Amino acid sequence: MSNTLLERFGIDKFTGFLPNTPCISLGSEGAELEAFCNNIPIYVASGSLRKQALPIFDVNRLTGDKKQIQVKLERARLLLCTIAHPLAHGIPWHGEAPMDTLPLPLCTQVEQVSLALKTKPVLNYSALVLNNWSTLSHDPQVDANQVQIEIGRAHVWTPVTSLSR
């Protein structure tokens, strides 16, 4: 397959349909959102996720060229969906059922990011998985043995007590 055809469909010759270099931090533009997501395991473990004030993320604050803004938007979508996921599906070990509707501020932010990305505002595989990795090395040719999951390392949704048998 020619490089032009691959580029036309957004496929990288090394990473395939995964992004070439996913954004692993929004920096100061999304510091509150990043901090909130880093604390999700604490909120889930304590049963207080639904009681937390949601951070406000404004897509208009993003800076950089078109490609930089695109990867930052993908990161924002990952983080917002990471917040929405346990709310939408519930946290059974705390007796929390799935929510019928998500909080309006969260929905508004997911919608803004989705509009900017020209995608539908849904929790999907792409939002939660495809942009959720980084390499352990700086080699541009990604080796599957040198890839780590970003958000999943800190966001374990299964309580430790259920793992012991």
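**Ground rules.** I am working from a predicted model, in which local features need pLDDT of at least 70 and side-chain atom pairs count only at pLDDT 80 or more, while totals for chains, interfaces and linings use all residues. Residues are numbered from 1 along each chain as its sequence is written, and side-chain values use heavy atoms, with hydrogens and water left out.

**Overall fold.** I looked up the elements, taking helices (H or I, at least four residues) and strands (E, at least two) as DSSP runs numbered from the N terminus. The protein has seven helices and two strands, and along the sequence they come in the pattern α-α-α-α-α-α-β-β-α. For burial I used relative accessible area with a 1.4 Å probe and protein chains only, where buried means under 20%, exposed over 50% and partly exposed in between. Of the 165 residues in the protein, 33% are buried. With a contact defined as heavy atoms within 4.5 Å, I noted that 65% of the contacts between residues at least 6 apart in sequence join residues at least 24 apart.

**The core.** Next I looked for a nonpolar core, that is, a set of buried Ala, Val, Leu, Ile, Met, Phe, Trp, Tyr and Cys residues joined through side-chain atoms within 4.5 Å. The largest one has 23 residues, and Leu33, Ile40, Leu49, Phe57, Ile83, Leu106 and Val113 have the most contacts inside it. Helix H2 (31-38), helix H3 (40-46), H4 and H5 each supply at least two residues of this core, and H4 gives the largest share, with seven residues. I then followed Val113, which, leaving out residues up to four places away in sequence, touches Phe57, Val59, Leu73, Ala76, Arg77 and Leu80.

**An aromatic pair.** I counted rings of Phe, Tyr and Trp (its six-membered ring) as paired if their centres lie within 6.5 Å, with planes under 30 degrees apart called stacked, over 60 edge-to-face and the rest tilted. This rule gives one aromatic pair. Phe36 and Tyr43 form this pair, which is tilted, at 5.1 Å centre to centre and 50° between the planes. Phe36 is buried, at 6% relative accessible area, and Tyr43 is buried too, at 14%.

Leaving out residues up to four places away in sequence, Leu123 touches Cys81, Ala84, His85 and Ala88. Leu123 and Leu80 are 43 residues apart in sequence, yet 9.3 Å apart in space, C-alpha to C-alpha.

**A pocket.** The lining consists of Lys66, Ile69, Gln70, Leu73, Ala116, Leu117 and Lys118. Helix H4 (66-89) and helix H5 (104-117) each give two or more of these residues, and H4 gives the most, with four.

Methods. 1 Å grid on protein atoms, 1.4 Å probe; cavity = no way out; pocket = protein on both sides within 12 Å on 5 of 7 lines; lining within 4 Å.
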